Amino acid sequence: MKILAADNMEGRETGSPGLRKAQEYVVEQLKSAGLEPVGSRSYYQPIRFESRQIVEKESSLALMHNGQLEPLTLGEDAIFSTRVDLAPVVDAPLVFAGYGLTIPELGHNDLADLNLRDKVVVIFAGAPAEIPGALASHYQSAGERWKALHKAGAVGVITILNPAAMDIPWSRISANRAHPSMALKGAEFDETTGEELAVTFNPERAQKLFEGSGHTLQELIDLVKDRKPLPRFPLIPTIRAKASVNKKTVESANLVAELQGSDPKLKNEYVVLSAHLDHLGVGEPINGDRIYNGAMDNASGSAVLLDVIASLKKSPKKLKRSLLFVFVTGEEKGLLGSRYFTTHPTVKPGSMIANINIDMFLPIVPLKVLTVYGLGESDLGDMAREVAQSLGVQVQADPEPQRNAFIRSDQYNFIRHGVPALAMGVGFEKGSPEQEIFKNWRTQRYHAPSDDLDQPVDLAAAGKYEEIIHKLMVRAADDPGRPQWKPDSFFRRYAPMASGLY
């Protein structure tokens, strides 16, 4: 972790010399442990991205109220999102669509009875409490949400952040608003075709969107904080947007290696351990520091994988199934490396039977509680519970589902390709002092230069966490059967048998 999060890695931005240096270090460790390369070029799986950077001095946002133009201040009022391919000019009416969610399984449709044709939809980030966490997270993903909005005729989205669920203060979001976004090259990866405008609005400045609507921002924020249903209604202003974007091609790579299993039949199946190696690179200075080291996010997860690999080298016991170690790139750009890998795997499709993903597991308090994202979705969750409890650790599902952690890391792309998957982190009991420690960490260090090597780490918690990962990996690799989706899991639909692939 000290090597990967050092200043000379320059924050490991996707496609940067710093990330390449970190990858070279990881490849040395893979070779030294005797793992076989299974990338498309030795250990590497090269990927091409389109980098997009907003040119603010040539871009603008404004609201038109009853013939009066009100310019918006980029950075203070709102910011462009370049994760979508922005149109140069958009001039469109606004409609408020609550959470903007369409969930057929529950008969939930925030778009019902709204005329969205050629309009920009204003939504609040989040979902009402009655929608189960994993389901709510899935339908809040950019691709799923846009699918329904596009079908209804919308041309763009303005998202107002939920003040009660913001991991990062607006000031820090705004400071790095001109940092490049990336998208995977290739039409097969474009889930937001037709989205001409994507804007994120500062919740403290959003009242101007609702002037004359008969509703106030505070009324809506009070509902959103408690995850209550929201009203839906047309808005008076129209939005005028002008976006100038610099685009260039960037190349990066995933790293893929295997340790072959011993069973003649089961060795053709893989338990996948994944972690993202990239972070945010060099950005706007905070307290004079420009390097976003990403020690916890996610040098820590990559370090666990490397340590597990080192321990396997020393172990005389051979596992029945093969192990696949994937160090992905582009996670911070929208889970792009894992999306590419799961779409174009370097091993036989259908051979990956489980994914254990490690991302920012936060050993900053003693490990008494383990939070398992995806706990109730498959047998893999049951295995994780049994392993953790055997080591005296309580297990819980996500205590903060409104943060959408389930879709915010690389396990989600494995799930979408039918592979039972989960992620785990050091947890806390609601209302405990530990909860406040986690909240403060996210506010002060998450995606900030202070996520560096100069922060408290509970080494005993890190050690116990790694032991859980190791035992779960061994259990999944040696178990006679593959982990199965639970009959009531929404994500079971992605399993190969359910989709008729096998």
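Start by selecting R52 and E50, whose side chains meet in a salt bridge at 2.8 Å, N to O; the term means a side-chain nitrogen of Lys or Arg within 4 Å of a carboxyl oxygen of Asp or Glu. This is a predicted model, in which local features need pLDDT of at least 70 and side-chain atom pairs count only at pLDDT 80 or more, while totals for chains, interfaces and linings use all residues. Residues are numbered from 1 along each chain as its sequence is written, and side-chain values use heavy atoms, with hydrogens and water left out.

R52 is buried at 9% relative accessible area, and E50 is buried at 18% (buried is under 20%, exposed over 50%, partly exposed in between, with a 1.4 Å probe and protein chains only).

Next, pick R205 and D77, a salt bridge of 3.0 Å, N to O. The two sit 128 residues apart, R205 in the loop between β12 (197–201) and α5 (217–225) and D77 in the loop between β4 (68–72) and β5 (78–80). Here R205 is partly exposed at 32%, whereas D77 is buried at 2%.

Now go to D278, in the loop between β15 (270–276) and β16 (281–286). D278 is buried but has no salt bridge, and the nearest side chain of opposite charge, K333, is 7.0 Å away (Lys and Arg count as positive, Asp and Glu as negative; His and the chain ends are not counted). What lies 3.0 Å from a polar atom of the D278 side chain? Select E332 and look at its backbone nitrogen.

How values were computed: Helix = DSSP H or I, 4+ residues; strand = E, 2+ residues; numbered from the N terminus. Polar contact = N/O pair within 3.5 Å; in protein donor to acceptor, adjacent residues only side chain to side chain.
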